Amino acid sequence: MDRGMVIFLGALLTFSSSWLGLIVFPFQQLGYEQPYQKSESDDPYPQPLQGIALAGKRVYQANGCMYCHSQQVRSERFGNWWDENGEERTGADIKRSWGLRRTVSRDYIYDNPTMLGTMRTGPDLSNIGVRNPSAMWHHTHLLNPRSANPWSIMPSFPYLYKREKIVGYRSDKALLLGREWTVQPGYRWRPSEQEWDELLRERGSTILAQVLANSPAETFDLTTAAGKKRLLDFWLTTPEEDYQIVPTTDGEALVAYLLALRKAEVPLPEAKE
Amino acid sequence: MTAVDIALFATVIGSIVLFGGAAVLALGWAFRSGQFSNFDRGAKSIFGPDEPIGEPTDSFPDMNDKRS
Amino acid sequence: MATTAALTTTVPQYSARERAQAAAERAAIDASCRGPVLFFAASAIVWLLVGSVLAILASVKLHSPYLFTASPELTFGRVRMAHLQAMGYGWLSLATVAALLWQMCRLSRAELVYPKLLICAGVLWNIGEFLAVVGIIMGDATSVEWLEAPAYAPPFFIAAVGIVSAWTVAVFRRRREQHVYVTQWYILGAIFWFPWLYLVAQFMIFWSTAAGVVQPIVNWWFGHNVIGLWFTPVAVGTAYYLIPKIIGRPIHSYYLSIIGFWSLALFYSWAGMHHLIGGPIPGWLASASTVGSMMMLIPVLAVAINHHMTMRGHFHRLRYSPALRFTVFGAIAYTLVSVQGSFEALKDFSEVAHFTHYTVAHAHLGVYGFVTMIMFGVFYYMVPRLTGREWASSTLIRIHFWSVAVGISIYFAGLSIGGWWQGRMLNNPNVPFANIVNYTLPYLFSRSIAGTLMTAGHLAFTVLFVMNVAGWGQQRAGGPTFFVEPRSDTARSEQLVGGREA
């Protein structure tokens, strides 16, 4: 009596049942879905990623963005909470405007890998391209998320940007950020009191003129500590004169990918609830 | 129902019958060949003359075994 | 209590000659395993340390985002992926292999053949692991959970796993012990399931073009089963060997253990799709997995009852035996995490817990509280029998136990509470996202403290292991059983001097 064979056959049998049920059947059911086209004149939906956005997906993968950001919108009936009147409500994803409708399998037919995600340390990104179409916002946010949301715990991505000396005139792609965000890319820079005093001594009038050019209504009493601090606060919000921050190829690609995330936008018949 | 649906349905039913049948056969074989008898012997198979039942085999290096 | 329980089973009387023979055979088997098993164990510990450092980094980064923020290699996403790879395929898998090889030899009463080829498998595995972790850090990660390793690492894993599986079967086929003990069932299942799982997942996700939502389905079928059908069977099987062996009492019900094995094989493989609950997958798929998860209560309760009944009347031995202490901690955590997991698969529960730190806490109760603790347990039992030396310091063992036990408890409690309310707030669109992030911060901080404690324990364990292998521990004078010098049997060990491995 060879019980090894029994264990082997049993292990084979039990395991292949789940393999059939959870892998082979879903593959048959979902593996051959086609894009949706309402009428001949419409563009089919979804569209595969192309060009620089496709390269951006690699950056998204390499840096593990999906470990904090999901890419799925759940149904209007999913999850519950109680509003001010004590009434039970559902469907937070759509009410948070993370999508117009729930996402369905057809939204993902061109995704590879399909980064649905399992964590929402940060918000969902299924349709971030619709929700926030400003490339400049994404760049400033990626350079240092605290520049957009002071409470954010997202890492800064200064390595997707480069700080360079301005030659001639400022580039169109340069980030529109005050010097506090650009002197030390990724961090928030602020001179110490002594450093600030020294800066004022060396080029005080230039700094004052520059701040006043941006907000002419202000007055600063530079004899008091409070006045100096107020000038510093204003000066930090003005851009650096000689340096600029521009996205690297990877940075541009990642933002192109984010802007291409436009799921849950085109209505699909099977997503109706 | 489309042809794909019917094919899927047939595969599901087919595999349920196949797996259920195999399970029933395996159970029948197990009973007939005495797999469900004499469990005691199996449980004791890890003990032997040098490490018999009733003798603990592990303790902290600084502790004497307090077995009564 | 202990005496009555022990006396209820009849103890056969053996002659000194029989004892000496059995002891010599056991010593020869342990000696045949020494090289490869210690190699797997040592490299597992190296990856445990690497994984711990990565874990602390990732944890601290979540509440102090400016830490090393300018370095692409140390950005949170990469560190987190590298942590999972180092722990999952480095520490856990290599420790699992060490444990299963040694137990398979002992339970089959057969020596390990061609140990050098197994060391080759260990080397291959470590090369693969190194490529995986370094590749991820350098920016080649795939962002497929549990399969983050860049394409150049899997061939090494596949070759190594193939050799390990083949060797385990070879040992099993050369067995002298007629009875196939339940631990061997679990091991045989695991070494068959893991290569299949890994190959199917690699093939369907990376080598063929299964795009769309089929990918996450395959991904979670793999991700859940690599725990359920690779780590879990070996860890549960180890508990089934160690607990009876240490307290010297056969398991309470052998029948229950077999029911447990087959129901685990059948139901665990069906769970997993609840990781995608509410997602864009067919409803029937999540339902099937929910059923599978609930059915898992059968094997879990079977194991829980069985281990508890075996231990009954012997709990005082937890004071004396380090291996037992870790193993029983793991066995209790197995019951807790599995019952929790079954309920977590229910829709109402999952609607809150999904996408939150609650799930992270659950995962760590499983892979750490359960699997890792049992692996520590088997290391404490196995390593002295392989090296012929006792552990050098009881104090270090106690430091190890208490820092990891307290560490994982803080970890679990903090993230479970924080994660649960995070989930409730995520479900209420009137709560701004900023509030949710701020709310979780103290809990994320508690995780860093927990992780530091656990790492301290790992350091104590590493020191112990290095000292033991380097020959710092007291050498055993002889006799078949390490550590225990039963007072009544001192004469016996003198008789046995000829039987021990010199």
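Into which domains is chain A divided? The legends below take up this question first, then turn to the chains of this predicted model.

**View 1. The two domains of chain A.** Domain 1 of chain A covers 51-164 + 250-271, while domain 2 covers 180-238. Their C-alpha centres lie 37 Å apart. Where these domains meet, domain 1 of chain A brings eight residues to the contact and domain 2 of chain A brings five. On the domain 1 side, the residues touching domain 2 of chain A are three nonpolar, three polar and two charged.

**View 2. Chain A against chain C.** Here 63 residues from chain A meet 67 residues from chain C. Several elements of chain A each supply at least two residues to the side that touches chain C: helix 1 (3-30), helix 2 (51-62), strand 1 (80-82) and helix 3 (92-95). Helix 1 of chain A gives the most, with 16 residues. By class, the side of chain A that touches chain C has 32 nonpolar, 23 polar and eight charged residues.

**View 3. The fold of chain C.** You will find 16 helices and zero strands in chain C. Its radius of gyration is 23 Å, close to the 23 Å that the globule rule gives for 502 residues, so chain C is as compact as a globular protein of that length. Along the principal axes, the C-alpha atoms of chain C fill a box of roughly 75 × 45 × 45 Å.

**View 4. Inside chain C.** Of the 502 residues in chain C, 62% are buried. Looking at contacts in chain C between residues at least 6 apart in sequence, 84% join residues at least 24 apart.

Note on methods. Residues are numbered from 1 along each chain as its sequence is written. Chains are lettered from A and ligands numbered from 1 in the order in which they are written. This is a predicted model: local features need pLDDT of at least 70, side-chain atom pairs count only at pLDDT 80 or more; totals for chains, interfaces and linings use all residues. Helices (H or I, at least four residues) and strands (E, at least two) are DSSP runs, numbered from the N terminus. The radius of gyration is taken over C-alpha atoms; the globule rule is 2.2 Å times the number of residues to the power 0.38. A residue is buried if 20 or more other C-beta atoms lie within 10 Å of its own, exposed if 12 or fewer, and partly exposed in between; C-beta atoms are placed from the backbone. Two residues are in contact if their C-beta atoms, placed from the backbone, lie within 7 Å. Domain bounds come from an automatic or database domain assignment. Ala, Val, Leu, Ile, Met, Phe, Trp, Tyr, Cys and Pro count as nonpolar, Asp, Glu, Lys and Arg as charged, and the others, Gly among them, as polar.
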